Structures are given as C-alpha cells and as structure tokens.
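Biologist: I'd like to go through this one with you, term by term. Show me the model first, then tell me what backs each label.

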Amino acid sequence: MSILIIAPNRDENIWKKSFIDYDPNIKVFNSRDTFDDESIDCVVVWNHPQGVLKKYKNLKLVYSMGAGVDHVFNDSELPEDIPICKIVDDRLSFSMSNYIIMAILNYHRRFYKYQSDKKNKVWDQESNPEINLKIGILGFGILGKDAAEKLKKLNFDVIGYSLTKKEEKEIDVYFGNKIDLFLSKINVLVCTVPYTKSTHSLLNKDLFNKLKTPTYLINVSRGKVHVEKDILDGIESGKLTGAFLDVFEKEPLPKDSFIWEHDKIQFTPHIASITNVKAVIPQVVKNYKNLLSGNKLINLVNIDKKY
Ligand code: GLV
C-alpha cells in the first residue's frame with residue numbers, strides 16, 4: 001500500500017518529504033522513483049500525463065493537489081469508479097479572498113489612476129477617489145463564499161450566484177435560471193466557478209452584454225472559463241472598465257499575448273492561491289487512512305458534476 005505523487009511541473013519531492021516528515025510509516029514515491037505498480041493505492045496528482053493512471057491496477061483514490069480538479073478530468077482515460085478528493089484548506093481560502101479583496105480595493109480606490117498621476121506629477125484632489133461598487137461573486141463554492149463574506153464584513157455591497165440554491169443569511173445568492181438577473185445588478189464581476197464543460201468560455205461577449213455598463217472583471221478560476229478576445233473587445237467598447245486576471249486561456253501566458261501590454265488589464269501568473277503543502281498533508285493522510293480503514297472520505301469530488 002503506497003502513495004504515488006505525479007506532478008510533472010511541480011516539486012514532487014516537497015510532497016514526498018512532507019508526507020514522510022508527518023508520518024514516517026507511510027510509503028510514498030514520486031514518479032521518478034522505482035516502485036511496484038501494484039503497490040499503489042493512492043495517487044496525489046497535478047496535471048498527470050493522460051492515461052498513466054490505468055497502470056495502477058489497485059488504485060483506490062485519486063487526490064488533487066489543489067482545489068481545482070479540472071486537470072484530473074482532462075485525462076480521457078481516467079479509471080472509472082475511483083473516488084477523487086480535492087484540497088479544502090483555510091489557507092487556500094485566506095489567500096484567495098485576500099487576492100480578490102486586493103484586486104477590488106485597487107479598483108475601488110482608483111489606485112491605477114493615482115499611480116499614473118504620480119508618474120505624470122499630477123496632484124488631483126478633485127476627482128472622486130472611490131468608485132461605488134456592487135460586487136457579484138459568480139460561483140458560490142467554498143472560495144467564492146469566503147470572499148463574499150469577507151467583502152460583506154468590509155461593508156461592500158455583495159451578491160452571489162450559484163447553480164444550486166445556497167442557504168446564506170447575509171448575502172443574496174441568486175441561483176438556477178436567475179443568472180441574467182444577477183448579472184444585471186452588478187458592476188464588478190468576480191469569477192470563482194470551477195472549470196467544466198458548462199463553464200467553458202462562459203465569460204464571453206454575450207455574458208458581458210448582460211452586465212451593467214461599465215463593469216470590472218476579476219477572474220481567479222480558470223483561463224478557459226473566459227474568452228480573452230472578448231475581454232479585449234469589452235474593454236475597447238467601454239463595456240468593461242478593465243480586468244484583473246490570475247488565469248489565462250494558455251499558461252504560461254504566450255509572449256505575444258496582448259495582455260502583457262494592456263494598460264487596463266492587471267494580471268498575475270496563476271498564483272492567487274497556492275496549496276501550502278505542509279498545511280494540507282494532515283488532511284490527505286487522514287483521508288488516506290479513512291480509505292484504508294473503510295471510513296467515509298472527506299472533500300470528495302462529485303464525479304457527475306466534475307467539481
Ligand atoms: C489552483 O488553481 C487550485 O486549483 O488549487
């Protein structure tokens with residue numbers, strides 16, 4: 001019984017070492033080690049090569065290294081009927097909410113205007129220093145909800161949208177077919193949806209046309225949820241005031257993308273909320289032990305919904 005770490009573009013050794021430091025009795029390998037395929041009953045993955053999981057005939061659990069699991073479902077040869085778990089961690093929520101709040105405050109307090117005034121030696125006390133915001137959180141899962149609640153505590157006007165009904169006392173969360181109504185009420189759109197077939201290219205010009213003019217866009221979910229050309233057109237037509245992006249259609253962002261140079265797009269290289277390996281090892285180990293002892297798994301992914 002062993003755990004195998006498969007993450008070609010990440011440091012597998014940090015995961016391996018953290019498992020061993022936490023519980024020296026656990027057998028753990030990274031993908032370059034020599035091991036018996038049949039001994040592997042759990043894989044911990046990030047962007048594993050398609051088709052490799054089939055080799056592990058005794059596989060009983062697939063663990064995503066992060067909150068997102070789209071990279072797991074990318075594998076068209078994913079073995080069926082094996083539970084998939086994801087990371088749920090207060091630190092992920094902490095980082096994501098802080099990132100969203102940072103993007104919103106910079107916009108709200110017109111930081112980019114004052115930065116440019118600084119460059120041009122302009123002392124402007126006349127312009128309104130704050131933009132009135134009505135923030136919409138599209139996707140009201142663990143991360144979206146945490147950000148919404150923290151923004152509400154800062155006295156921002158916040159609403160949410162979720163596919164399914166959410167019980168929420170302080171915040172109006174629209175659901176089901178109320179998405180157009182939700183979009184018509186806001187002037188900051190924060191996207192925290194998971195990437196699935198139904199969210200592919202969701203943030204496109206048709207959706208932007210349902211927003212108030214103008215609206216500011218923040219996308220921290222996945223790049224394939226948005227259409228970069230439509231964001232550009234949206235900014236040029238004045239529908240969007242700008243965008244703050246952490247994710248892109250192609251990552252790393254191609255050197256010839258217009259996004260590098262665009263004044264009204266701020267961006268970071270998919271670092272909004274990164275799994276803290278040491279912090280999450282206990283939950284992975286606990287879940288692994290639940291698996292071995294036949295107890296209920298936590299943080300299970302819904303295989304039909306794919307998130
Ligand atoms: C990061 O993008 C994650 O899914 O954890």
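Modeller: Let's start at the ligand: one of its oxygen atoms is 2.7 Å from a polar backbone atom of Gly-68. Before we go on, this is a predicted model, where local features need pLDDT of at least 70, side-chain atom pairs count only at pLDDT 80 or more, and totals for chains, interfaces and linings use all residues. Residues are numbered from 1 along each chain as its sequence is written, and side-chain values use heavy atoms, with hydrogens and water left out.

Biologist: Okay, what makes something a polar contact?

Modeller: You need a pair of N or O atoms within 3.5 Å; inside protein, one must be able to donate a hydrogen and the other to accept it, and residues adjacent in sequence count only if both atoms are side-chain atoms. The 2.7 Å at Gly-68 is within that cut-off.

Biologist: Which residues surround the ligand?

Modeller: Trp-46, Gly-66, Ala-67, Gly-68, Arg-222 and His-270. To be near a molecule or strand, a residue must have a heavy atom within 4 Å of it.

Biologist: What makes residues 61-64 a strand, E4?

Modeller: Helices (H or I, at least four residues) and strands (E, at least two) are DSSP runs, numbered from the N terminus. Both faces of E4 are covered, with Leu-61 and Tyr-63 buried on one side and Val-62 and Ser-64 buried on the other. Buried means under 20% relative accessible area, exposed is over 50%, and partly exposed lies in between, using a 1.4 Å probe on protein chains only. As for those two sides, in a regular strand side chains alternate between the two faces of the sheet.

Biologist: How do you know that E4 pairs with E5?

Modeller: DSSP has to find at least two bridges between two strands for them to pair. E4 and strand E5 (residues 84-85) are joined by 2 bridges and run parallel, so they meet the rule. Tyr-63 has Cys-85 as its bridge partner in E5. On to E3: 4 bridges join it to E4, also parallel, and Val-45 stands opposite Ser-64.

Biologist: What is the order of strands in that sheet?

Modeller: E2-E1-E3-E4-E5, an open sheet of 5 strands with parallel pairing. E2 and E5 are called edge strands, as each pairs on one side only. Inside the sheet, E1 and E3 share 5 bridges in the parallel sense, with Leu-4 partnered by Val-43.

Biologist: What covers the buried residues of H1?

Modeller: The cover includes strands E1, E2 and E3, plus helix H9 (277-293). The buried residues of H1 (residues 12-22) are Glu-12, Trp-15, Lys-16, Ser-18 and Phe-19. Down the helix axis they fall within an arc of 165°, so they line one face of H1; the arc is taken from the directions running from the axis to the C-beta atoms. At the start of H1, a side-chain oxygen of Asp-11 comes within 3.0 Å of the backbone nitrogen of Asn-13.

Biologist: What makes H9 lie across the sheet, and at what angle to E3?

Modeller: H9 lies across E1, E3, E4 and E5, at about 155° to E3. Contact means heavy atoms within 4.5 Å. Axes are lines fitted to C-alpha atoms (for helices over the stretch in contact), and angles run from 0 to 180 degrees between N-to-C directions.

Biologist: And the other sheet, what is its strand order?

Modeller: It's an open sheet of 7 strands, E8-E7-E6-E9-E10-E11-E12, paired in parallel. Its edge strands are E8 (172-175) and E12 (265-267). In strand E9 (residues 188-191), Val-188 and Val-190 are buried on one side and Leu-189 and Cys-191 on the other. E9 is joined to E10 by 4 bridges, with Leu-189 standing opposite Leu-217. Helix H5 (residues 142-153) packs on this sheet, touching E6 and E7, and makes about 165° with E6.

Biologist: Last one: which side chain does Lys-113 join in a polar contact?

Modeller: That of Asp-117, at 2.6 Å, which is within the polar cut-off. Lys-113 sits in helix H4 (residues 111-119), and it touches Asp-124 and Ser-127, not counting residues up to four places away in sequence.
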